[in-house]
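Hello,

Here is the structure I promised to pass on. Please open it and keep it beside you while you read my notes.

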Amino acid sequence: MAISGFDIFLLELPLREPFVASHGETTVRTITVVRVASDIGDGWGECSALPSATYTAESAADSFDALCRWMAPELLGQPIDHRVVRRVLADFAERPMAVSSLEMAVLDAELRRSGRSLGRWLGVERDSVPAGVSVGLAPVDETVERVVDLAAEGYRRVKLKIKPDHDRALVAAIRRRLPSIELQVDANGAYRPDDVEVLLELVDMGVDALEQPFGTDQAAAAADLIRRLSGPRSIPVVADEAVGSLAAAQELLDRRALTGLSIKPARVGGLSVAVELHDLCRARGLPATAGGMLETGLGRRALAALAALPGFSLTGDLSPAGRWLAVDPWPDLEMVGGAIAVPTGPGIAPDPDPEVLAATTVEQRTIG
Ligand code: OSB
Ligand code: MG
């Protein structure tokens, strides 16, 4: 029951439309995926690091390199047990997305072997989750039309990317056209502490949650904003890139610098840490939201299962992978009636299509 090897792939997947946020623009989704081989069978994991190291310090190509050189070799001969991955790779805390991919691959192999789905392993009770969509930065008129179309497709929640001077007019226009859609805004850290008045105005305009308004080193500004959002204005201030671990979440909680958490399995070091963060949120009564990373159908399936846990009270970035990816080796999730079914097949996802995988692979390495 030991790990015998890995195949590590760097893929280039074209996007349907550029994804623009204040941390940069993505047009081709370079992404690293891993396949683990063992005597109980194979499993697949996704390293969701973005093409460039702008959102967090990890990037797809750099992760590919680290996985091949240092991380996968550490696991050769180890038992095929996802808990071992976390323990053996404890020194790679600076590379949570790469660790996450290896944990996912090993967990997938274990679940496939026992015929269980990820949802069953997590113990979820819901069989579907509401669909939500993230909308990149674009001119206001264009964004409004885009959001109206997405709402007509059935999405229950929209998360608008905002930045200074691209906020009030946008939120006002969306609220005029869609008075009751669940509306979150995500600044990816673009505001400065003295922009707090603008953020309060957005809340008064009917924003339901504010994601990462300030930089990751601006906990005091987040705490100040939270203090000023009392009473009817007390919407969640959601931390995204500021929380890369359980310890980071705990510290921000102690400083009263978050009142909601975006949980992305990759960003926090894997599905098992994501579950621990979910449990922390539940214990503290904090709303959680399942955050997307422009994943393939593989990563998106993991997210759909995770989002079915009871603490995810804010709708997540739960759109099919095809919302962004024009080409994807994995079969996609489907949105039906504004909801996405929690996958029920064995493991985390079915195998990728070998032809699409080969056609999109730009580098491949075998370890072991
Ligand atoms: O800040 O939430 C973010 C995607 C990549 C990196 C950061 C973020 C995002 C999203 C989610 O907004 C988009 C999606 O996967 O649908
Ligand atoms: Mg975000």
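How many residues lie between S1 and S2 in their hairpin? There are 2 residues between these strands. Keep in mind that this is a predicted model.

S1 covers residues 3-21, and S2 covers residues 24-38. The two strands run antiparallel, and 14 bridges join them. To see the pairing, find Leu13, which stands opposite Arg29 in S2.

S1 has another partner, S14, at residues 361-367. This pair also runs antiparallel, with 6 bridges. Look for Phe6 here: Ile367 in S14 stands opposite it.

Next, the open sheet. Three strands form it, in the order S4-S13-S12, with antiparallel pairing. S4 (128-130) and S12 (335-336) are the edge strands, so each pairs on one side only. Val129 stands opposite Ile340 in S13.

Now the metal site. Which residues are the protein donors of the magnesium ion (ligand 2)? They are Asp186 (OD), Glu211 (OE) and Asp240 (OD). Asp186 sits in S7 (residues 182-186), while Glu211 sits in S8 (residues 209-211). The two are 25 residues apart, and the pair links distant parts of the chain.

Are Asp186 and Glu211 buried or exposed? Both are buried.

Best wishes

How values were computed. Residues numbered from 1 in each chain as written. Chains lettered and ligands numbered in written order. Predicted model: local features only at pLDDT ≥ 70, side-chain atom pairs only at ≥ 80, totals over all residues. Heavy atoms only, no water. Helix = DSSP H or I, 4+ residues; strand = E, 2+ residues; numbered from the N terminus. Donors = N, O, S within 2.8 Å, 3.2 Å for Na, K, Ca; no water. Buried < 20%, exposed > 50% of the residue type's maximum accessible area, 1.4 Å probe, protein only.
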